[in-house]
Amino acid sequence: MPRPTLMRTVLTTGAILFATASIAGCSAVSDLLDSGGAQRDEETNEVTEEGTDSVFEISVGDCLLEPDGEEVSDVTVVPCDEPHDYEFFHEFDLPEGEWPGNEAVWEQANAGCEAEFENFAGIAFQDSATLWYNNFTPTEGTWGDGDRLVQCLIYEASDEQGQEIVQVTGTLAGAAR
């Protein structure tokens with residue numbers, strides 16, 4: 001069974017940045033957004049230096065350190081050739097409509113991530129001895145803002161419940177273990 005789903009929080013920062021842009025101009029906001037984020041290769045978009053990014057800014061293929069708390073808005077992104085806890089392997093949108101509730105979001109997110117697990121890991125989730133998945137999902141608050149994005153994360157664990165995360169170095173693509 002996968003670990004409990006991590007949920008994104010509603011970010012009031014967007015409203016503050018919008019107001020700042022109106023007052024101070026776009027270049028000031030651009031400078032604010034660029035500070036602290038992961039550095040990326042311009043051609044491949046691969047992370048070259050660790051940084052903190054919004055969950056809305058990470059890309060499939062990014063490697064992450066364990067976030068704090070159940071509701072996550074920012075994550076530490078690291079180059080995949082450095083020790084990390086998670087690798088972002090797939091994303092998809094949930095269907096439009098009214099907020100379906102936490103349980104329905106959880107079920108749809110897990111079904112979507114599990115369906116792509118084998119394509120990425122090279123082994124079916126049920127057959128894997130050490131690989132697990134988790135996901136970032138919309139909250140009721142972000143749903144109201146149009147957020148339908150599910151981000152699937154793969155990780156390795158040392159226990160049979162998938163609770164003891166083991167840091168890995170390199171990608172888990174095709175790991176088949």
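Predicted model: local features only at pLDDT ≥ 70, side-chain atom pairs only at ≥ 80, totals over all residues.
N45 sits in the loop between β2 (39-40) and β3 (47-49), and its phi is positive, at about 65 degrees, although the residue is not a glycine.

A176 also has a positive phi, of about 45 degrees, again without being a glycine. This alanine belongs to the segment after β11 (165-166), and with a relative accessible area of 40% it is partly exposed.

## Overall make-up of the chain

The secondary structure consists of four helices and eleven strands, and of the 177 residues in the chain, 42% are buried. When contacts between residues at least 6 apart in sequence are considered, 60% of them join residues at least 24 apart.

## The largest nonpolar core

The largest nonpolar core holds 34 residues, and those that touch the most other members are L64, V75, F89, F117, F136 and I154. Two or more residues of this core are given by each of β7 (74-78), β8 (86-93), α3 (102-121), β9 (131-137) and β10 (149-157).

F117, one of the core residues named above, has a set of contacts that reaches beyond its neighbours within four places in sequence: F89, G122, I123, A124, F125, S128, L131, W132, Y133 and I154. Two of these partners, F89 and I154, are themselves among the residues that touch the most other members of the core.

A115 lies in helix α3, and it counts as exposed because its relative accessibility of 52% is over the 50% limit. The C-alpha atoms of A115 and F125 are 8.8 Å apart in space, while the two residues are ten apart in sequence; F125 is also one of the residues in contact with F117.

## The second largest pocket

The second largest pocket has a volume of about 180 Å³. Its lining is formed by 13 residues, of which E46, V47, G61, D62 and C80 are the closest to the pocket centre. By residue class, the lining divides into five nonpolar, four polar and four charged residues.

Notes
Residues numbered from 1 in each chain as written. Heavy atoms only, no water. 1 Å grid on protein atoms, 1.4 Å probe; cavity = no way out; pocket = protein on both sides within 12 Å on 5 of 7 lines; lining within 4 Å. Points joined across faces, edges and corners; volume = space filled by probe spheres on them. Nonpolar A, V, L, I, M, F, W, Y, C, P; charged D, E, K, R; others polar. Core = buried A, V, L, I, M, F, W, Y, C linked by side-chain atoms within 4.5 Å. Buried < 20%, exposed > 50% of the residue type's maximum accessible area, 1.4 Å probe, protein only. Contact = heavy atoms within 4.5 Å.
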